[in-house]
Amino acid sequence: MPFLSTIILAFVVTGVFSPIYKFLNKKIRASISSFLICVFIFIVLFIPILVFVGILSKEALELYQMGKTAVISDQFQSLMKENKFLDNLNHYLSNINLEITGEQLNKTLSDIGKFVGLFIYEQASSIATNVLSFFFNFFFMLMIIYFLLIDGNKLISFIIDLSPLPKEQDEKLLKKFKDMAGAILIGNGLGGLTQGFLGGVIFAIFGLKSPFMWGVIMGILAFLPIIGIGVIFIPAAIYLFLKGRVAAGVFFVIFYVGISIIIEYIAKPKLVGKKVQMHTLLVFLSIIGGINLFGLLGIIYGPIIVTAFLTLTDIYISNYQKMIEPK
């Protein structure tokens, strides 16, 4: 049980890199091919994570301290006074007997800054302070991947033999797992990485604070098909409009719409294809539920669990429901 997450993640990563392994295995021995894949995964994942964690924890701590000292809300409050935003808003809210005071806004924005900054700082710090544990789990995952690439087919055959389902139904279920894993890591992973990187670059170019941290947050939010990076970009655009930087605000809106259309409707369908078809709302709920139960890895676990449920439901309807229905 303590290593369950590492084992599941190893299976998912193995499914993504198995085509490359099969290609290499045609030219060189299985052990060498598998070792080269593991080295590639180490270079692509482990080294960048250690580099990024230090930067992320620093920016998150700065955001937490700003929220703690009410710097964020004070700056935003003075900005709205300059634009008479709060007065105009309260003018409309007075019709329904509501009023937003500067003190309320001050407390709310400070609390948001403290919560976001502290949460990200704690996540990053837990990795930084438990480097040995992270190092062990990562290499444990690589060891599992190494043997799964070489002997994975034997393990799958063993599991299929144990399953009470017919062989073709087990193979259908396993194929759905592989397709969903590929969709998450290749489609959503590359899409999130692209949007997070470009979003962070744009924040840095326009002089907004903590671009790296906001880029990481956008990279994670990009996995959510309904919310996406708009949660960050739209408020940023409003902030720029209030600052009088109209051209920058317009650019933020255009960039958000453009990158969302390109990634979601052009790039992802080409990367993933039509192998994984799941309703957008269901994908959203599966990711939110997965994060709630399993933490950040729920981004992977949630959709895979829902895929298993839908596939088993389809197998039941196609093959077994007619057996129990009255004639």
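Q: Which residues is I184 in contact with, leaving aside its neighbours within four places in sequence?
A: In this predicted model, I184 is in contact with G189, F223, I299, I300, P303 and I304, its neighbours within four places in sequence being left aside. I184 itself has its place in helix 7.

Q: Why is I184 called buried?
A: The relative accessible area of I184 is 3%, and the term buried applies under 20%. I184 therefore counts as buried.

Q: How far apart are I184 and Y301 in sequence and in space?
A: In sequence, 117 residues separate I184 and Y301. From C-alpha to C-alpha, the distance between I184 and Y301 is 9.8 Å.

Q: What makes helix 7 and helix 12 roughly antiparallel?
A: Helix 7 (residues 167–205) packs with helix 12 (residues 298–319) at an angle of about 150 degrees, and their axes are 9 Å apart. Angles over 145 degrees count as roughly antiparallel, so helix 7 is described in that way relative to helix 12. The crossing of the two helices is right-handed.

Q: Which residues make the contact of helix 7 with helix 12, and how do they divide by class?
A: Helix 7 contributes Q169, K172, L173, K176, F177, M180, I184 and L185. Helix 12 contributes I299, I300, P303, I304, T307, A308, T311, L312, D314, I315 and N319. By class, the residues of this contact are 12 nonpolar, 4 polar and 3 charged.

Q: Why are helix 1 and helix 12 described as roughly perpendicular?
A: The angle at which helix 1 and helix 12 pack is about 70 degrees, with their axes 11 Å apart. The range for roughly perpendicular is 65 to 115 degrees, and helix 1 and helix 12 are therefore given that description. S5, I8, L9 and V12 of helix 1 make the contact with I300, Y301 and I304 of helix 12. This contact has 6 nonpolar residues, 1 polar residue and no charged residues.

Q: What makes helix 1 roughly perpendicular to helix 7?
A: The axes of helix 1 and helix 7 cross at roughly 80 degrees and come within 9 Å. Since 65 to 115 degrees counts as roughly perpendicular, the term applies to helix 1 and helix 7. On the side of helix 1, V12, V13 and V16 take part, and they meet A181, G182, L185 and I186 of helix 7. The classes in this contact are 6 nonpolar, 1 polar and no charged residues.

Q: How do you know that T6 is buried?
A: T6 has a relative accessible area of 12%. The limit for buried is under 20%, so T6 is classed as buried. T6 lies in helix 1 (residues 4–25). With neighbours within four places in sequence left aside, T6 is in contact with N137, F140 and M141.

Q: Why is A237 called buried, and which residues is A237 in contact with?
A: At a relative accessible area of 2%, A237 is set against a cut-off of under 20%. A237 is therefore buried. This residue is found in helix 9, and A237 is in contact with G249, F252 and V253 when neighbours within four places in sequence are left aside. A237 and F252 are 15 residues apart in sequence and 5.6 Å apart in space, C-alpha to C-alpha.

Q: Which residues have the most contacts inside the largest nonpolar core?
A: F203, I229, F233 and F252 have the most contacts inside this core, which has 35 residues. The elements giving two or more residues to the core are helix 7, helix 8 (211–221), helix 9 (230–242), helix 10 (246–272), helix 11 (280–294) and helix 12. Helix 10 gives the most, with 6 residues. F233 touches G199, I202, F203, M218, F252, F255 and Y256, residues up to four places away in sequence not being counted. Another core, of 18 residues, lies apart from the largest one and includes V13, I41, F140 and L148.

Q: How many helices and strands does the protein have, and what share of its residues counts as buried?
A: The protein has 13 helices and 0 strands. Of its 327 residues, 36% count as buried. Among contacts between residues at least 6 apart in sequence, 73% join residues at least 24 apart.

Terms used:
Residues are numbered from 1 along each chain as its sequence is written. This is a predicted model: local features need pLDDT of at least 70, side-chain atom pairs count only at pLDDT 80 or more; totals for chains, interfaces and linings use all residues. Side-chain values use heavy atoms; hydrogens and water are left out. Axes are lines fitted to C-alpha atoms, for helices over the stretch in contact, and angles run from 0 to 180 degrees between N-to-C directions. Helices (H or I, at least four residues) and strands (E, at least two) are DSSP runs, numbered from the N terminus. Angles under 35 degrees count as roughly parallel, over 145 as roughly antiparallel, 65 to 115 as roughly perpendicular and the rest as oblique. A crossing is left-handed if the near helix is turned anticlockwise from the far one by less than a right angle, and right-handed if clockwise. Contact means heavy atoms within 4.5 Å. Ala, Val, Leu, Ile, Met, Phe, Trp, Tyr, Cys and Pro count as nonpolar, Asp, Glu, Lys and Arg as charged, and the others, Gly among them, as polar. Buried means under 20% relative accessible area, exposed over 50%, partly exposed in between (1.4 Å probe, protein chains only). A nonpolar core is a set of buried Ala, Val, Leu, Ile, Met, Phe, Trp, Tyr and Cys residues joined through side-chain atoms within 4.5 Å.
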